[in-house]
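Trainee: I would like to go through the terms used for this model and ask what each one rests on.

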2 protein chains.
Amino acid sequence: MDEMEYPQGLKWTRQRKSVYNILRNAEEPLSAARIYHLAEQEAGGKDFAPSTVYRILAVFEELGLVEKTTWMGEDTAVYALNRGRHTHYAVCLQCHKRIPLQKCPFAHIHLERETEDFTVVSHKLELYGYCRECREPEREV
Amino acid sequence: MDEMEYPQGLKWTRQRKSVYNILRNAEEPLSAARIYHLAEQEAGGKDFAPSTVYRILAVFEELGLVEKTTWMGEDTAVYALNRGRHTHYAVCLQCHKRIPLQKCPFAHIHLERETEDFTVVSHKLELYGYCRECREPEREV
DNA sequence: TCCCAGACGCAAATGAATTGCATTTGCATC
DNA sequence: GATGCAAATGCAATTCATTTGCGTCTGGGA
């Protein structure tokens with residue numbers, strides 16, 4: 001684990017380091033429960049209180065360090081390090097597989113124009129449909 | 001309340017009629033709790049079990065009659081009659097106001113081209129930023 | 001009208017997330 | 001290196017949305 005920009009008067013505790021590293025190594029957004037279990041097994045045994053994970057994630061989110069999301073159709077939140085870039089997903093309505101989109105459809109569209117009363121700073125997009133394996137068109141947009 | 005297409009061997013019960021009508025009159029998606037309370041006061045007194053609302057909504061969703069969503073950042077699901085058209089929202093990061101977009105940015109863009117491995121049938125988009133009152137730009141996309 | 005699968009009511013169960021409070025611990029200071 | 005204290009944590013209890021088991025009720029076809 002290396003030195004890094006860690007803001008204001010916050011303590012760089014063992015637990016926070018652990019959560020941070022787990023998120024850093026994660027390929028995809030993780031739920032609080034998942035993070036908890038990873039931390040647990042990483043430490044060999046019980047190391048954390050689940051509530052601590054939630055508190056840490058809340059702090060990290062507050063700092064803009066992590067991004068909290070909830071997949072549509074899911075009920076538990078997932079967290080990922082805010083790496084500056086954002087990813088959108090195509091979600092299969094059949095098998096619920098999540099396929100990351102390689103590019104953002106808005107890359108060259110200025111959403112800011114959409115509304116005059118609103119300053120857009122970010123956006124979230126999800127496509128729903130069927131993956132190659134489950135292909136079975138039925139509904140219309 | 002009027003006659004309508006009501007599919008298969010499902011019973012058109014008092015409770016289902018009530019939930020259906022509440023959703024039909026709703027201007028915006030409602031939470032299960034909200035639907036429950038509306039039904040309660042519509043009936044003058046206790047009329048429903050909360051669990052019944054959930055069961056009815058699950059059935060309606062299964063039938064494609066209603067659409068279940070969860071606002072990002074919220075934890076409770078909301079339900080709306082599936083009216084064929086879809087609405088996107090701009091959500092204020094400050095006051096959490098939700099401003100419906102008058103038009104879908106994808107109206108004339110064929111999302112289907114995005115991925116070859118995926119047949120897109122619907123999508124969900126949310127913009128995040130600051131409304132006129134709360135304007136205070138800070139983050140970048 | 002009768003019948004019964006499907007619906008419902010109720011109360012208990014789940015499960016994610018939060019919170020109160022006593023205890024611990026970074027870390028700035030001495 | 002020792003000290004002090006606000007910040008962080010552990011733990012257990014709590015909240016709140018949603019689900020479920022089960023006995024009872026009822027819409028609607030025969």
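Trainee: How do the residues of the surface near DNA strand C divide into nonpolar, polar and charged?

Mentor: This is a predicted model. The surface near DNA strand C has ten nonpolar, nine polar and seven charged residues.

Trainee: Which element gives the most to the surface near DNA strand D?

Mentor: That is α3(B), with five residues. DNA strand D is surrounded by 26 residues, among them Q15(A) and W12(B). By class they are eleven nonpolar, nine polar and six charged.

Trainee: Why are β1 and β2 of chain A said to stand at the edges?

Mentor: The open sheet has the order β1-β3-β2 in chain A, with antiparallel pairing. β1 (30–31) and β2 (66–69) each have a single partner strand, so one side of each is left without a neighbour in the sheet.

Trainee: How do you know that β2(A) and β3(A) pair?

Mentor: Pairing requires at least two bridges. β2(A) and β3(A), residues 78–81, have four bridges in the antiparallel sense, and E67(A) stands opposite A80(A).

Trainee: What packs on the sheet?

Mentor: Helix α1 (residues 14–25) of chain A does, touching β1, β2 and β3 of that chain. Its direction makes about 85 degrees with that of β3(A).

Notes: Residues numbered from 1 in each chain as written. Chains lettered and ligands numbered in written order. Predicted model: local features only at pLDDT ≥ 70, side-chain atom pairs only at ≥ 80, totals over all residues. Helix = DSSP H or I, 4+ residues; strand = E, 2+ residues; numbered from the N terminus. Contact = placed C-beta atoms within 7 Å. Axes fitted to C-alpha atoms, helices over the stretch in contact; angles between N-to-C directions. Near = placed C-beta within 6 Å. Nonpolar A, V, L, I, M, F, W, Y, C, P; charged D, E, K, R; others polar.
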